[in-house]
Amino acid sequence: MSGNIKNMSLRIQEVPVSEAPIELLLLADPSEEKVRSYLPRSQCFVASSHGAVVGAGVVQPLRAGAHELMNIAVPPRHQKCGHGTALLKWMVAFFRESGATQLEVGTGTFGYQLAFYQRHGFRATRIDHDFFVNNYPEPVFENGMQHFDMLRLTLRY
Ligand SMILES: CC(C)(COP(=O)(O)OP(=O)(O)OC[C@H]1O[C@@H](n2cnc3c(N)ncnc32)[C@H](O)[C@@H]1OP(=O)(O)O)[C@@H](O)C(=O)NCCC(=O)NCCS
């Protein structure tokens, strides 16, 4: 898929990584250092509506045919409106059309994000035990629960 799409008022397009909305990406990954470290070798996609950024996704090549979704985020006031789903579907289609064989993502072992990915065909393939303990300077909490392990999910095309 190339160029832009307009889905009702939603426009999704690839932007230069220098224009990535860092503040928004920090919603999905609390380490700015990490976000800035994977951005230069990634592609960034932005969803906008009526001129406002309502979503962003970052995908990095892993090896031949394989890519990793490093980040996807929708501003809190725009969540639960379908923008995240539209952006994820768009990126899945974009990499399918580019000839990719699989798209991976790492996420916590609990939370609504698990259903979000699995609904689109991602399947659990591995657990990185203590990933969030070993890779972040501060404990990572969601809804009062600490994230310890990362679940690796893979969408095979
Ligand atoms: C994950 C995220 C990108 C989804 O975007 P979104 O625009 O809210 O998603 P959608 O509106 O398409 O909804 C997808 C599903 O997620 C659910 N959802 C979205 N935000 C939610 C929230 N804060 N709490 C609980 N469920 C939520 C929706 O209810 C919907 O489920 P349903 O189909 O059963 O109703 C967005 O919630 C987000 O930015 N979260 C914070 C960052 C994050 O966790 N990123 C993923 C890292 S692994």
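Cys81 counts as exposed in this predicted model, with a relative accessibility of 51%, whereas Cys44 is buried at a relative accessible area of 0%. A search of the whole structure finds zero disulfides. The ligand, for its part, sits in the largest pocket, where 18 residues surround it.

**Cysteines**
- Cys81, at 51% relative accessibility, lies above the cut-off for an exposed residue, which is over 50%.
- Cys44 has a relative accessible area of 0% and is therefore classed as buried, the cut-off being under 20%.
- A disulfide is a covalent bond between the sulfur atoms of two cysteines, and none is found in a search of the whole structure.

**Residues and elements around the ligand**
- Of the 18 residues that surround the ligand, the closest are Val74, Gly82, Gly84, Thr85 and Tyr112.
- At least two residues of the shell come from each of three elements, namely strand E5 (66–73), helix H3 (83–97) and helix H4 (112–118).
- Helix H4 provides the largest share of this shell, with four residues.

- Gly84, which is among the closest residues, places a backbone N or O atom 2.7 Å from an oxygen atom of the ligand.
- Ile72 likewise contributes a backbone N or O atom, which lies 2.9 Å from a nitrogen atom of the ligand.

Methods
Residues are numbered from 1 along each chain as its sequence is written. This is a predicted model: local features need pLDDT of at least 70, side-chain atom pairs count only at pLDDT 80 or more; totals for chains, interfaces and linings use all residues. Side-chain values use heavy atoms; hydrogens and water are left out. A disulfide is a pair of cysteine sulfur atoms within 2.5 Å. Buried means under 20% relative accessible area, exposed over 50%, partly exposed in between (1.4 Å probe, protein chains only). A residue is near a molecule or strand if one of its heavy atoms lies within 4 Å of it. A polar contact is a pair of N or O atoms within 3.5 Å; within protein, one must be able to donate a hydrogen and the other to accept it, and residues adjacent in sequence count only if both atoms are side-chain atoms. On a 1 Å grid over the protein atoms alone, a cavity is a set of points where a 1.4 Å probe fits but cannot get out, and a pocket is an open set with protein on both sides within 12 Å along at least five of seven lines; lining residues have an atom within 4 Å of a point. A molecule sits in a cavity or pocket if more than half of its atoms lie within 2 Å of its grid points.
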